[in-house]
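Please examine the sequence and the structure first.

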Amino acid sequence: MTRVPVGPVSGRDDEGRATVAVVPPGRGSRRSRALAAVLAVSARILADVVPLGPVPLGGLRLGLSVAGRLDLARGTRVARDRTGPVPGRWVVPPGTGDSPHVLYYLHGGGFVMGSSASHIDVAARIARAAGVPAFLPDYRRAPEAPFPAAPDDVRAGFDHLRIRGYAARDIVIAGDSAGGHLAYGLVVELDREGADLPAGVALVSPWLDLWLRTGWEREAARRDPFLSVKFADRARRAYAPDGDPADPRLDLLAATPGSHWPPFFVQGGETEAITGDTQALEEALAAAGVPHELQIWPGQVHVWHAFHPLVPEAAAAARHLGHFVRDALARGADPS
């Protein structure tokens, strides 16, 4: 079993910004390489051809919801919450119920799949490492509810956490894949309105360029073993069928971060077709002087965190995320 370091893994430049880290060095564990090979001849081929009709999409959604809690740690409480404008689930690892902080986790799934149920395990591992509970909103999905339903719901869920008594500095926003797009978009929107920003932002394999401009290029040069660019393109058309590529809520890479933004922590898999998104984000954050760290994990597929315990890197990456969440909340509580 490959041992993966946990804790600080990258240096700092003269201005205190984190440098890009490859974690861990090498090609990835033997099990992660085997997983990528299996996915390339199974899930990837299926995703290339599956239509987004009601029947196949319903089956995919159901399967993900069932798989999302197969490895839930003992003692973790999961509770549905329909008290706010957007329903969701609270995921409360042991010992975190009295925490004054919360992880606001936005699930991925290409805007057409995924739910608070499908990402219980992933959110629980991060929340446990951070020592906080997590809230996962069930934002509306396409094609039933296209853009801007999802970002509207994500904002409404954040505002409801504030109404419940959480200050912005008590919240870390996180998201994977399409959820990463929604998480980053929420920060951009809050900043544009002059609203209080969260204590930190954690993104996993974020899909930021919905038009996949660098994704198609990387796919042509090296086939992604898991993420189907064709499927992502179909999902984007379902999500924003009349979307303007210049719409600031869609074209997030055109946003200009502010030096006052909270710290960012971004993880991406080396095999992903959309690693260009993470690199473009890192460049923008660095240019603005935003504290950040980008980790590129060798041999890992899109959101490999969901494949725990098949690959050892899944749990290790979640620990890194949890440590970032804990540190960001500590800095938010004592900004001095």
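Q: In which crossing, left-handed or right-handed, does H5 pass H6?
A: This is a predicted model, in which local features need pLDDT of at least 70, side-chain atom pairs count only at pLDDT 80 or more, and totals for chains, interfaces and linings use all residues. Residues are numbered from 1 along each chain as its sequence is written, and side-chain values use heavy atoms, with hydrogens and water left out. A crossing is left-handed if the near helix is turned anticlockwise from the far one by less than a right angle, and right-handed if clockwise. H5 passes H6 in a crossing that is right-handed.

Q: At what angle do helix H5 and H6 pack?
A: Helices (H or I, at least four residues) and strands (E, at least two) are DSSP runs numbered from the N terminus; helix H5 covers residues 149–163. Axes are lines fitted to C-alpha atoms, for helices over the stretch in contact, and angles run from 0 to 180 degrees between N-to-C directions. The axes of H5 and H6 are 10 Å apart, and the packing angle is about 65 degrees.

Q: Why is H5 described as roughly perpendicular to H6?
A: Angles under 35 degrees count as roughly parallel, over 145 as roughly antiparallel, 65 to 115 as roughly perpendicular and the rest as oblique. H5 is roughly perpendicular to H6 because their packing angle is about 65 degrees.

Q: How many nonpolar residues has the contact of H5 with H6?
A: Contact means heavy atoms within 4.5 Å. On the H5 side are Ala 150, Pro 151, Val 154, Arg 155 and Phe 158, which meet Leu 182, Leu 186, Glu 189 and Leu 190 in H6. Ala, Val, Leu, Ile, Met, Phe, Trp, Tyr, Cys and Pro count as nonpolar, Asp, Glu, Lys and Arg as charged, and the others, Gly among them, as polar. The contact has no polar residues and 2 charged ones, and its nonpolar residues number 7.

Q: Is Val 102 buried or exposed?
A: Val 102 lies in strand E4 (residues 102–106). Beyond four places in sequence, its contacts include Trp 90, Phe 135, Leu 161 and Ile 171. Buried means under 20% relative accessible area, exposed over 50%, and partly exposed in between (1.4 Å probe, protein chains only). At a relative accessible area of 0%, Val 102 is buried.

Q: What is the relative accessible area of Asp 48?
A: Asp 48 is found in helix H2 (residues 43–49). Leaving aside neighbours within four places in sequence, Asp 48 is in contact with Arg 223, Ser 228, Lys 230 and Arg 234. Asp 48 counts as buried, with a relative accessible area of 16%.

Q: How far apart are the axes of helix H7 and helix H8?
A: Helix H7 (residues 213–221) and helix H8 (residues 229–239) pack at about 160 degrees, which means that H7 is roughly antiparallel to H8. H7 passes H8 in a left-handed crossing. The axes of H7 and H8 are separated by 10 Å.
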